[in-house]
Amino acid sequence: MNTRNNDILTDSNGRVHSYLRISLTDKCNLRCTYCMPANGILVTPKEHLMTADEIYTIAKQFVSLGVYKIRLTGGEPFVRKDFPRILEKLSSLPIEIGITTNGILADRFLSLLKKNSIKTITISIDTLHKTKFQKITRRNEFDKVWKTIQLYQNEGFIVKLNIVLIKNFNDNEIIDFISLTKDKNIIIRFIEFMPFDGNQWNSDKLVSQKEIIDTVNYVYPLQLQKIADTPNDTAKNYKIEGHQGSFAIISSVTNPFCDTCNRIRITADGKLKNCLFSSEEFSLLTPLRANQSITPVIKAALHYKHTTRGGMDTELKLQNSDLHSKNRSMISIGG
Ligand code: SAM
Ligand code: SF4
């Protein structure tokens, strides 16, 4: 890692930001209820989106400051027509690249990912049942996604599955998902449902880290093992003794990992967000298009980063839907 300029990526709490998540688009071919508001969103006009070259220029600047990991997300990153060009350009940088996808188009990009040395793919799938899949995503694409998961596994990728747990919807599938790890080296990641604009969040729908662990402990009282976490990782890792794969819990709501946060995000329209939960945004595209340095903007964004959950540091603030509506919906932030 380049430590020479690393202080620019260090915030007022001493947290060093080495992991950049870039949203490529706010368009998507699914309509997940917890992500996309029921009435949809106004998609960003093309001229306001970062171009492939702008994404590369911005990423290169972050890498020179000390970023060594970049995740491509969205919306759905694979709906971007110039995805191959974006990936190929970013692959020339000395970074680890991750991709989070809903899996609908991912089969078409298998050889491109291989060619660019991508070995891990994160695919979101919230249920193992076709009808429930249609209910949560508002699209009938379960078979396609399931087939793609098999494809990537058979092709030797490390496959991680993201599952947003929602009370009385899919919390009865926790053990079914964990059963997938028995004979396959797959990584299941249960994500606590987070509040964003238009996603009808309330704490009754939340399935907490504690509830997940209690459920697993009930079925596997002696076999549940805590395994090592990677530094700064938001996922806390576990496995069932004897299973090939593992599972993780991302407890952004009940047990946030803000004190070790190393993440910073860029929306598809080139706004820097210092926290997923924060409504504050810092435009990178404006100075970039005016041929000015983006470093002061990066500095400012890090300077104003809140200590905890973008300023929602109390239970009361977390429950306040006005604060959720100040932020964008998840689809236009980039997960
Ligand atoms: N379309 C891609 C996908 O679905 O994987 C990438 C973008 S999506 C916004 C990234 C991740 O955010 C997904 O795993 C999704 O399940 C998760 N996500 C979306 N809304 C969420 C919410 N309200 N709470 C927790 N996770 C959420
Ligand atoms: Fe699209 Fe992913 Fe959001 Fe679902 S979670 S609507 S797939 S961006």
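Tutor: Let us begin with N199, whose place is in the loop between strand 6 and helix 7. Please bear in mind that this is a predicted model.

Student: Why does N199 count as buried?

Tutor: Its relative accessibility is 3%, and buried means under 20%. N199 therefore counts as buried. Leaving aside neighbours within four places in sequence, N199 is in contact with T33, Y34, C35, F193 and M194.

Student: What makes the pairing of the N199 side chain with the backbone oxygen of M194 a polar contact?

Tutor: A polar atom of that side chain lies 2.8 Å from the backbone oxygen of M194, and the cut-off is within 3.5 Å. The pair is thus inside the limit.

Student: How do you know that the buried residues of helix 7 line one face?

Tutor: In helix 7 (residues 209-219), the buried residues are Q209, I212, I213 and V216. Seen down the helix axis, they fall within an arc of 95 degrees, so they line one face. On the other side of helix 7, K210 and Y218 are exposed.

Student: What covers the buried residues of helix 7?

Tutor: The covering elements include helix 6 (174-179), strand 5 (158-165) and strand 8 (235-240).

Student: How do the residues of the shell around ligand 2 divide into nonpolar, polar and charged?

Tutor: The residues around ligand 2 are C28, L30, C32, C35, G75, N102 and I331. Five are nonpolar, two are polar and none is charged; Gly counts among the polar residues.

How values were computed:
Residues numbered from 1 in each chain as written. Chains lettered and ligands numbered in written order. Predicted model: local features only at pLDDT ≥ 70, side-chain atom pairs only at ≥ 80, totals over all residues. Heavy atoms only, no water. Near = heavy atom within 4 Å. Buried < 20%, exposed > 50% of the residue type's maximum accessible area, 1.4 Å probe, protein only. Helix = DSSP H or I, 4+ residues; strand = E, 2+ residues; numbered from the N terminus. Arc of directions from axis to C-beta. Contact = heavy atoms within 4.5 Å. Polar contact = N/O pair within 3.5 Å; in protein donor to acceptor, adjacent residues only side chain to side chain.
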